[in-house]
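Here is a quick tour for anyone opening this structure for the first time. Take a look at it before reading on.

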Amino acid sequence: MSNRCLILTQILESRIIKVPIIGKKYFRNAARIKRHYYLLLHDWGVLKPVAFVAWLVTYRCNLKCSYCEASSGEAGPNELSFAEARQMIDDLKKSGVKRILLSGGEPLMRPDFMQPLDYICQSGISPGLISNGYHVESHWNELRKYPFFFYQSSLDGIPAFHDRIRGMEDSFVRALRGLELFSEIKTPVRIVQSVVHARNIDQLDAMLEYVRSSSATRWQLTPLAQVGRAANGELCLDYTGIQKVMAFIRKYQRTFPVDLCEANAYLACLNPTPLGYPFFCGAGLTRCSIMPDGEVVGCHQVYDNRYSEGNIKKRSFSDIWKNEFKRFRQKDFRQECRACSFLNQCQGGCWVEWCTRGTCYLQLDRNRD
């Protein structure tokens, strides 16, 4: 599927879900339809990572978030050199990759960051950037030259709380400034992502005004995953917390583009009427991630080499993509999912939650009593 075809499909879907009766039925079956389609492409040997490939360019980070999914801080010992990255980018292009999300850690902390960014653009691949925003302005003379399709930064509370939990003064202000700068060069998608957990869930209403007045085009709420430095689960939301997040979204979504992040959008099953866009998890089907050391993982929420599909230092990305990801491409579901009334709508929910907690929030609802 080409980049243009993907965009046209998204436009068509946005129109279908607005049609009475038909839209509601499609909403509840979209995940099953899409999964079946991509599995067919896999069976035919033509499946490509049409959404994006995320590359964590470094584990190095200037902030110290207590819930960091990647446990970032210092650079890893075996991070890809520019020569290795260039070979990877060549292979990504051969594999049909149209978009690369550059992430970390903090990608702008990589000393030679502009070299792979420049090579990505020369290769005809569109770059996206996920950054905490702290160093965006200091690199702006170089960054502004490139045609980013996507920019994402994070706000995880009101200003004082955000700065404290991230361990750096002015990190809130600089996150907003980064969004402003990418707005100036008309980057079409500018997302504020907020990791929602037990300590900041009561700040959502106060945060809304900051996000509304920012240069973001969308606000994504991400219930904290039990991975990285949050692996002990102490900050994770319970079912009541999830219900509060869903109620917040229902309250404001018709007047402001606030929604769940992609990984948790299956929770829209809990809405009495469809809101936003249908959920579909493309992990290992339309996207994957490459770790700083070259390990390839299917899900961009779990940065754990135990779930590696292979390393691009030893095998080509195209070989890994074609022959691995079996855990994401299997056609059968676990018993809990087969017995769930939401199966058509969620197709298994969040893979990370099943790996780390042995359940999803929908099953948590069933078992909370």
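## Ground rules

This is a predicted model, so local features need pLDDT of at least 70 and side-chain atom pairs count only at pLDDT 80 or more, while totals for chains, interfaces and linings use all residues. Residues are numbered from 1 along each chain as its sequence is written, and side-chain values use heavy atoms, with hydrogens and water left out.

## Salt bridges

Let's start with the charged pairs. A salt bridge here is a side-chain nitrogen of Lys or Arg within 4 Å of a carboxyl oxygen of Asp or Glu, and the count comes to 12. One of them joins R177 and E137, at 3.2 Å from N to O. That pair ties together distant parts of the chain, 40 residues apart: R177 sits in helix α7 (residues 171-184), and E137 in the loop between β3 (126-130) and α5 (140-143). Helices (H or I, at least four residues) and strands (E, at least two) are DSSP runs, numbered from the N terminus.

How open are these two? Buried means under 20% relative accessible area, exposed over 50%, and partly exposed in between (1.4 Å probe, protein chains only). R177 is partly exposed at 26%, and E137 is partly exposed at 46%. Both belong to a salt-bridge network that also takes in E180 and E184.

Then there's E324, which has a salt bridge with R315 (3.1 Å, N to O) and another with K326 (3.8 Å, N to O). R315 is partly exposed at 27%, whereas K326 is exposed at 55%.

## A look at S215

You'll find S215 in the loop between α8 (204-212) and β6 (218-223). Is S215 buried or exposed? With 18% relative accessibility, S215 counts as buried. Leaving out residues up to four places away in sequence, S215 touches L179, E180, S183 and R190, where contact means heavy atoms within 4.5 Å.

## The second largest pocket

A pocket is an open set of points on a 1 Å grid over the protein atoms alone, where a 1.4 Å probe fits, with protein on both sides within 12 Å along at least five of seven lines; lining residues have an atom within 4 Å of a point.

Of its 20 lining residues, R35, F333, Q347, G348 and W351 are the closest to the centre. The helices α2 (22-43), α11 (326-329) and α14 (351-356) each supply at least two lining residues.
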